[in-house]
Amino acid sequence: MRLAPLNERDTMSTVTLNGIYKKFDETEVLHNINLEIGEGEFVVMVGPSGCGKSTILRLIAGLEEVTQGEVLIDERVVNMVEPHHRNIAMVFQNYALYPHKSVRENIIFGLKRAKVAKDIIEGRLKKAAKMLELEDLLDRRPSQLSGGQRQRVAMGRVIVRDANLFLFDEPLSNLDAKLRSRMRVEIRRIHREYKTTSIYVTHDQVEAMTLGDRIVVMKDGRIEQVGTPMEIYLNPVNIFVATFIGAPAMNIIDAMLYLGFIEVEGQKIALNNRVEKIPVPASGRRVKLGIRPDFFIDEKNTEHGASLSRIENALVDIVEPLGFEREIDATIGSQHIKAKLDLRTTAGEGEKITLCFDMDRVHLFDPETGMRL
Amino acid sequence: MHKRRSFIQNIMLAGAVVLLLLFCLFPFIQILSTSLKYQFDWGNPSLIPRKINMDAYRELLGFSATKEVEIPESIKRLLDNPLLKEEQKQKILERYSSTADIFPFARYFINSFLLSAGAAAVSLVLAMFGAYSFSRLRYRGQKIMQRGVLFVYMVGGVLLLVPLYQMGVKTGLASTVWGSVLSLLLIYIIQTLPVSLYMLGNYFRTIPYSIEEAAAMDGCSRLESIYRIILPLSVPMMVTVFIYCFIIAWNEFLFASVFLRQFPDFHTLPLGLQSLFVSRNAIWDRIMSASILTLLPVVICFMFAMRHLTGNLVEGGVKE
Amino acid sequence: MRPLPCTLIRIYPLQLSLSQKESRLGLKLIAPCIGVIGILIIYPILYNIYLSFFDVRLAGENIFVGLANYERLLRESGFFSSLVTTVIYLAGSVIGTTILGLLVALVMSIKFPFRNIVRGVILLPYFAPVISVVFGWQFFFDPVNGIYNHLMVETLGIAGSRYNLIGEPRSALGIVIIFSIWKNFPISYLLIISRLQSINKDQYEAAAMDGCGPVARFFHVTLPELYFVMGTLIILRLIWNLNKFEEVFLLAPNVWTLPVFTYYTAFTGIIDQGYAAAISVVQFVVLAALIIFYVKKVLKW
């Protein structure tokens, strides 16, 4: 079953997932996935290993079969459509270059299969080779290339295609840190240039935050939250999302919520309006208090100390100087707190420090469900 | 360990290696040496002929002129009898001269070559598709196929001798020349097919799935990706499998003897060699040179493919 | 599959799912192989079993005789002596091949000049056609011309007079065993050495630290790592040697292992292919038992 020749269309593809379930033998790896991806969007699916994000990608590509539910591309159900008819371009985690073909042949292979005219092929090859700095490597074999070069060939293979949907399966995970940040920039540039709908899978939340128009956070085969990077950063819907996105991870502290105030390790902190709406029994309610390390300020370094909430007498355990900032590992009572403070902080290891923060930046979570209150 | 070997250890090692080489090569040297010896030399235990005798080779390869064979006295007198007609004389003479090839090496060689190459080729093609199927595609019964290959691999030879012969007789194939040749071709195919399936199956399992998935993304259907990606990647293995099957068919004796015995013109090389041994031309130097001639193609083939063969034999499995 | 929502622009006709398409292709590709194997291996095996219950005539109809052929097996001494010969042959050749393979692997694992050439040479016995080497072996033991007799009688003075080892079935069996070892040790060697070379060097160094000399290292590091390979090898060799015909028959036709016995019964003397079929069935049963043992036990290790 062929889709209508997509090079007649100017618009990029949309992808919709309706009620997707996927089982491998008896194990269910995807549970009720519903997602809509619009034209030209760059959507990043992020989550820990085994959460099912790659599986979703492969379902969209047609490399795995859907157990239940529908995959729609451009509003057509494509469950039965074979992968080579879906006109999608994909970058594989291990690049999957054809070992016996040269770089040039690797890149234009898809175009030749689609019987695109020779001069068009040449033109696109030139453009891609220039963009990815592959011009000198065109006649080499994959075995003669470094990992980074191979990765770029895999990217080249994708961008010369006329596809309206790009899929990326953890393309940067095999590169070292420096190459990774370089390639991140490249991928952004490619998306800006070609504006193709892209679905990008990674376990690295930095890539997710920097690349995505929207992020889909997944865990154990379910979607935890979908939103723009900022939405997810500022308003995580549960503890998992809160701690997964953002580095260093958000602090999650045990606390007791009472009417009007919250108690952390014996210290009472006044509440603000936002939090007051949560139902609280008279004896108090156990909660988890979440606050990002970036939102702490050393009391000594601010004049607004009086108007901010505070945690006092945090015992500094370890100080990690990071150039512009200092990462402080402190303990309060039996719990650990991480804070990112600027260089003005002079607290050393073993000293006591008071951390100030804005109550607006605080999230309260239910200890059992992990959901935000 | 990294310490240098002591002198004594070196001597022992050298001795072991020499012993090993002698053990392996001695029969071959023996054959070669006897093939080059005159009759008076045969009892000589030394491996080096006192005088090199190329007659055997010349005769087997058809280079020598028709040989004069000793005609016994009594027959000579018979021939001198003027009452005998010319034709009758000719007939009697023929029985004692050896104008006929005693070992038509070229013909046997071609027979063996065509049969072996044909069987190896068919086996290879069938096995390519079959091995691809059970090692890379998913369907019910796939696992059974994989295990089945191993089982079938080990059954063969003598066990199938009686039933296959009976089948050949019952279908009438075994009574005609071309029927017998066809039967033998089929038998060689079935003797090499399991090992081809096994070796190719193991090899295909080492090709990552993602390469075919990339080909699918690039627009190749399954069959196209077999043709354009898998096949080119498998060429070395295919050559190895072909050569291995070829050698198995080339060396085969039992079924050739059962099916081709009555058709001397169509004998394979091993069969021809054995007929030589039981014929009245069974003299050692002829036999030995015929042995060398039968050996030579295999040795050449083997030297050509040696590197591929040993590596892949271990990964791909071995057949007896 | 849930029914398609009506909001779709098209309703697709009933189609094969992706996995169904893959199944179809898979079965199509393997069908020729299955066909060939079915006709030329599976069917003959079953046909063989069928034939073993008949008195198979070369001309005319076969006569059903029930278990008569099997009764004859048990009655006649021919079968049992063949069985004994086979067992001795198997024991000698399998053990010998495995040990020689191990020794050769040990020697070849040491680096020495020209090792690559030696590697090639030692494979020659395996690839040579049986027919082209047996005559050399026969010549070696020939009472008139052979070197063996010359050595034994004249040079070393061990034997009293010249005799033909191959002429005598008992001593011929010994020769056949040695021939089998000579011919087949390369495969054992290949399998063992590939395993040998994958043993981690660190283990040897650790053993040396613990005070093991070379011999102790062999017994405590090398041998345990090789158990699996050698076990596999022994079973495989048993299976393969059980089927061997040419290596026995062409060298010494007076050694009657089961395959040779079958051949004689089927094609020489009083031809009785029904009886031969029965012998084959027995051989097949033993073979199947070995194969099942191999598949169930060894492959799981």
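Trainee: At what angle do helix α10 (residues 214-242) and helix α13 (residues 273-296) of chain C pack?

Mentor: They pack at an angle of about 160°, with their axes 10 Å apart. Helices are DSSP runs of H or I of at least four residues and strands are runs of E of at least two, numbered from the N terminus. Axes are lines fitted to C-alpha atoms, for helices over the stretch in contact, and angles run from 0 to 180 degrees between N-to-C directions. The model is predicted, so local features need pLDDT of at least 70 and side-chain atom pairs count only at 80 or more, while totals for chains, interfaces and linings use all residues. Residues are numbered from 1 along each chain as its sequence is written, and chains are lettered from A and ligands numbered from 1 in the order in which they are written.

Trainee: What makes α10(C) roughly antiparallel to α13(C)?

Mentor: The angle is about 160°, and angles over 145 degrees count as roughly antiparallel (under 35 is roughly parallel, 65 to 115 roughly perpendicular, the rest oblique). Therefore α10(C) is roughly antiparallel to α13(C).

Trainee: Why is chain C called more spread out than a compact globule?

Mentor: Its radius of gyration is 27 Å, well over the 19 Å that the globule rule gives for 301 residues, so chain C is more spread out than a compact globule. The radius is taken over C-alpha atoms, and the rule is 2.2 Å times the number of residues to the power 0.38. Chain C has 13 helices and two strands.

Trainee: Why is F114(C) called exposed?

Mentor: F114(C) has 10 other C-beta atoms within 10 Å, and 12 or fewer make a residue exposed (20 or more buried, in between partly exposed; C-beta atoms are placed from the backbone). F114(C) is therefore exposed. This residue lies in the loop between α3 (77-108) and α4 (115-121) of chain C, and its phi is positive, about 65°, although it is not a glycine.

Trainee: How many other C-beta atoms lie within 10 Å of E265(A)?

Mentor: The count is 18, so E265(A) is partly exposed. E265(A) also has a positive phi, about 50°, without being a glycine.
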